Amino acid sequence: MDISPSTVIFAIINFCILVVGLKIFLYKPVCNMLDSRKEEVANNLNSAEEAKLEAQKLRDEYAAQLQNARSEAQDIINQAAKIGEQTKADIVNEAREEAARLTAKAQDEIAREKTEALNEIRNEIADLAVLAASKVVGKTIDVADHQNMVNNFVKEVGEAK
Amino acid sequence: MFLTNIAYASSGHEAAGPLFHIGPLEVTSEITTMWGVMILILVVSYLGTRNMKRIPSGVQNVVEMGIEMYENFWTDILGRKRARQLMPILASFFILILCSNYSGLLPLAGTLPGLKPPTSNVSTTAGLAIIVFVLCIYYNIKTKGIGGYLKHFLEPIPILLPINILEQFTRPLSLALRLYGSIYGEEMVVASLAALCPLVLPLTMQVLGILFGAIQAFVFTLLASIYLEEATAVHH
């Protein structure tokens with residue numbers, strides 16, 4: 001067991017070379033790779049988290065929009081229903097008015113017809129009366145005088161009635 | 001020296017001697033094996049991290065898992081910040097020692113010139129322990145200042161000064177000797193068993209060698225990280 005100085009020196013030099021070589025070929029690339037991968041994973045996780053938050057935000061937004069749309073639709077439906085109700089009421093009223101108007105018109109018509117009919121009957125009666133009277137008297141009275149007379153009579157009767 | 005040579009020769013080991021020289025420095029089999037181990041480690045790391053993908057597969061998975069395991073292990077001891085700072089050194093200790101220990105399991109390791117587990121030689125383990133020693137002093141002075149570091153020798157009571165100083169040296173010494181003794185011993189036993197019966201017998205010890213190699217690498221690294229933890233600890 002004798003120590004040879006040159007072997008000691010070589011061992012030291014060799015070791016220094018090995019450390020430098022391994023630093024270049026092994027530790028640096030591997031550590032860089034491990035670090036960069038670590039960083040990448042962290043970044044990915046962060047961005048995933050961000051994406052998740054973003055998605056959540058969008059979801060909330062859409063939910064709010066949906067809710068809005070729903071309530072708007074409900075409003076529209078309510079309004080339409082109200083308008084429909086109004087229209088219905090209007091139409092019914094109109095119809096009622098129309099019906100009342102028609103009824104009134106018909107009644108007027110009837111009254112007018114009745115008056116006309118009565119007048120006609122009166123004239124007819126007067127004619128008949130003149131005819132009968134002329135038959136009874138045996139002579140023909142002046143038709144126009146007679147007519148006047150009967151008319152007056154009928155009028156009196158009518159007024160008396 | 002003579003006796004060791006005898007032991008080497010009798011167990012079929014090459015006599016430990018320099019293979020060739022670089023300048024004034026001798027290159028031994030341990031050093032060439034260490035280079036081989038280093039090249040292997042670096043090539044594997046290069047292949048494992050050559051084109052890293054976001055979604056890992058194959059070697060990248062293994063490499064990433066290993067590094068993450070190391071990091072978690074040292075985060076428990078040192079805390080996140082210091083673990084990041086010291087992990088290159090500590091993980092290199094572990095990988096280098098583990099592979100060095102296992103290089104002794106290769107066939108003909110110890111007999112083939114240029115192939116001998118680096119950690120079975122006290123000089124290499126001493127080199128590694130010296131690195132830990134120097135790093136401890138460096139980090140102590142860096143975090144506590146020279147005054148703080150020197151004052152630390154008088155704690156908890158000044159009378160412990162000699163023991164504290166002694167401790168500074170026994171630590172690397174024990175690191176070096178523990179690793180060397182364990183691997184060298186295992187190699188020796190394997191060699192002796194191989195000399196007795198080269199077929200199956202050494203296998204039993206080599207299976208244990210897998211366990212010892214991992215344990216020794218772990219112990220060395222763990223102790224080094226505890227020493228460095230102490231050195232970088234900021235007192236409040």
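User: Quick one to start. What pattern does chain B follow along the sequence?
Analyst: Chain B reads α-β-β-α-α-α-α-α-α. This is a predicted model.

User: How many helices and strands is that?
Analyst: Chain B has seven helices and two strands.

User: And what share of chain B is buried?
Analyst: Of its 236 residues, 35% are buried.

User: Contacts next. How much of chain B's contact set comes from residues 24 or more positions apart?
Analyst: Such pairs account for 63% of the chain B contacts with a separation of 6 or more.

User: Let's zoom in on H3 of chain B. What span should it have, and what does it have?
Analyst: H3(B) covers residues 59-78, which is 20 residues. At 1.5 Å a residue it should span 28 Å, and its end C-alpha atoms are 28 Å apart, so the two agree.

User: Which of its residues are buried?
Analyst: Gln60(B), Val63(B), Glu64(B), Ile67(B), Tyr70(B), Trp74(B) and Leu78(B). Viewed down the helix axis, they fall within an arc of 130°, so they line one face of H3(B).

User: What's on the face turned away from the buried side?
Analyst: Exposed residues sit there: Asn61(B), Val62(B), Met65(B), Met69(B), Asn72(B) and Asp76(B).

User: What covers the buried side?
Analyst: The cover includes H1 (5-137) of chain A, plus H2 (29-49), H4 (80-103) and H7 (201-232) of chain B.

User: What comes just after H3(B)?
Analyst: Gly79(B), with a positive phi of about 85°.

User: You listed Met87(B). What is it in contact with, beyond neighbours within four places in sequence?
Analyst: Met87(B) is in contact with Tyr27(A), Tyr70(B), Glu71(B) and Trp74(B). Tyr70(B) and Trp74(B) are also among the buried residues of H3(B).

User: Last topic, the interface. How many residues of each chain are in contact?
Analyst: 27 residues of chain A are in contact with 34 residues of chain B.

User: What's the make-up on the chain A side?
Analyst: 19 nonpolar, five polar and three charged.

Note on methods:
Residues are numbered from 1 along each chain as its sequence is written. Chains are lettered from A and ligands numbered from 1 in the order in which they are written. This is a predicted model: local features need pLDDT of at least 70, side-chain atom pairs count only at pLDDT 80 or more; totals for chains, interfaces and linings use all residues. Helices (H or I, at least four residues) and strands (E, at least two) are DSSP runs, numbered from the N terminus. The expected span of a helix is 1.5 Å times one less than its number of residues. A residue is buried if 20 or more other C-beta atoms lie within 10 Å of its own, exposed if 12 or fewer, and partly exposed in between; C-beta atoms are placed from the backbone. The arc is that of the directions from the helix axis to the C-beta atoms. Two residues are in contact if their C-beta atoms, placed from the backbone, lie within 7 Å. Ala, Val, Leu, Ile, Met, Phe, Trp, Tyr, Cys and Pro count as nonpolar, Asp, Glu, Lys and Arg as charged, and the others, Gly among them, as polar.
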